[in-house]
Amino acid sequence: MKRLTPYLLILPGGLWLLIFLVLPMVFMASVSTQEGDILNGFVQTFDFSVYGDALTRYQTQFLRSVGYGLVGTAVSIAMAYPVAYWIAFRGGSRKSTYLLLVLLPFFVSFVLRTVSWKFLLADDGLLLSPLKAMGLVAQDFHVLQTTVAVIGGLVYNYLPFMILPIYVALERIDPRVVEAAQDLYAARSQAFTKVVLPLSLPGVFAGVLMTFVPMTADYVNAGILGGPANTMIGNIIQTEYLVNADYPTAAALSFTLMAVMLVGIFAYARALGTENVLEAAAR
């Protein structure tokens, strides 16, 4: 029985992944190689040319989505790390309160939060209208339907996913380790780069995974805050599925997007050095 205990413990999670991840992926891969239409039905023909056609037609949207994901993730790290650092080392007895404030936006629907930014950033909205009336910005100045608006929406919606894992990693660092570095005549900057930053890498690694993947696949922010020039691959997949009913193309795009993100994640892990991350996490 003891030998079976580890397998029994991972059985619920394994079944969950099998039912809601592996099987849908297999079904999606099968749909991507079918031919037909919604009226006459789809037939399995194992036609892989749909992948090449989809990539050729929507290469721009693919590259734009990856670019938005990379920029949004980088901005999230730059904004999240100082916040997480301050809460972990300066929050004191109010750490729980500050973490609640970080999570507070999640009490509102994802779509409603994004739509609220559309009203705020509109040309006659609460932010730009007074600035234009005072002559501080040009009358034709606008924020919506721009790259800045889309990336800003992505960062706003996914920033807590970057703050929390970094905070957890920083919280685990023993302050005495930092004090020991300073006792050994290390400057504050050296103590940070040589001690704090390496020990917080597991949190950064987890934060990147939790933000880059949903940012790249997101379609809500581009649909609400962006315009035709900001269309992401998620918007294309949504249109192919729900509007055009071109399920093979939509499935091929979804499968390709997932493959691209997996390759990017593995490359990121290799570049960062998973051994170093695991070693730091084990300390």
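A: The account below begins with the chain as a whole, turns to the core and the rings, and ends with some individual residues.

The model is a predicted one. Its secondary structure comes to 13 helices and two strands. Along the principal axes, the C-alpha atoms fill a box of roughly 75 × 75 × 30 Å. The chain has 283 residues, of which 37% are buried. Among contacts with a separation of 6 or more, 69% join residues 24 or more positions apart.

In soluble globular proteins, nonpolar side chains tend to be buried together. Here the largest nonpolar core has 32 residues, and the members that touch the most others are I166, L170, I233 and L253. Several helices each supply at least two residues of this core: α3 (59-90), α4 (95-103), α7, α8 (175-183), α9 (188-217), α11 (233-242) and α12 (247-272). Helix α9 gives the most, with seven residues.

Apart from residues up to four places away in sequence, L170 touches Y81, A84, Y85, A88, F89, V196 and S200. Three of these names, Y81, Y85 and F89, return in a cluster of rings, where ring pairs link them with F192.

Leaving aside neighbours within four places in sequence, S76 is in contact with Y81, V155, L159, M162 and M215. The side chain of S76 also has a polar atom that lies 2.8 Å from the backbone oxygen of G72.

The structure holds 12 aromatic pairs. One of them is formed by F110 and Y158, with 5.8 Å from centre to centre and 50 degrees between the planes, and this pair is tilted. F110 lies in helix α5 (residues 110-121) and Y158 in helix α7 (residues 147-171), so the pair ties together parts that are 48 residues apart in sequence.

V115 is found in helix α5 and is partly exposed, with a relative accessible area of 25%. The C-alpha atoms of V115 and G153 are separated by 9.9 Å, although the two residues are 38 residues apart along the chain. Another ring contact involves a charged residue: R113 lies over the face of F106, at 5.4 Å from the ring centre.

Q34 has its place in strand β1 (residues 34-37) and is buried, with a relative accessible area of 19%. Not counting residues up to four places away in sequence, Q34 touches F42, V43, Q44, T45 and P248.

Finally, two loop residues concern the backbone. Most residues other than glycine have a negative phi. F46 is not a glycine, yet its phi is positive, at about 55 degrees. F46 lies in the loop between β2 (41-44) and α2 (49-57) and counts as exposed at 58% relative accessibility. Q145 likewise has a positive phi, near 60 degrees, in a residue other than glycine. The place of Q145 is the loop between α6 (128-133) and α7, and Q145 counts as exposed at 54% relative accessibility.

Key: Residues numbered from 1 in each chain as written. Predicted model: local features only at pLDDT ≥ 70, side-chain atom pairs only at ≥ 80, totals over all residues. Heavy atoms only, no water. Phe/Tyr/Trp six-rings, centres within 6.5 Å; stacked < 30°, edge-to-face > 60°. Helix = DSSP H or I, 4+ residues; strand = E, 2+ residues; numbered from the N terminus. Lys NZ or Arg CZ within 6 Å of the ring centre and 35° of its normal. Core = buried A, V, L, I, M, F, W, Y, C linked by side-chain atoms within 4.5 Å. Buried < 20%, exposed > 50% of the residue type's maximum accessible area, 1.4 Å probe, protein only. Contact = heavy atoms within 4.5 Å. Polar contact = N/O pair within 3.5 Å; in protein donor to acceptor, adjacent residues only side chain to side chain.
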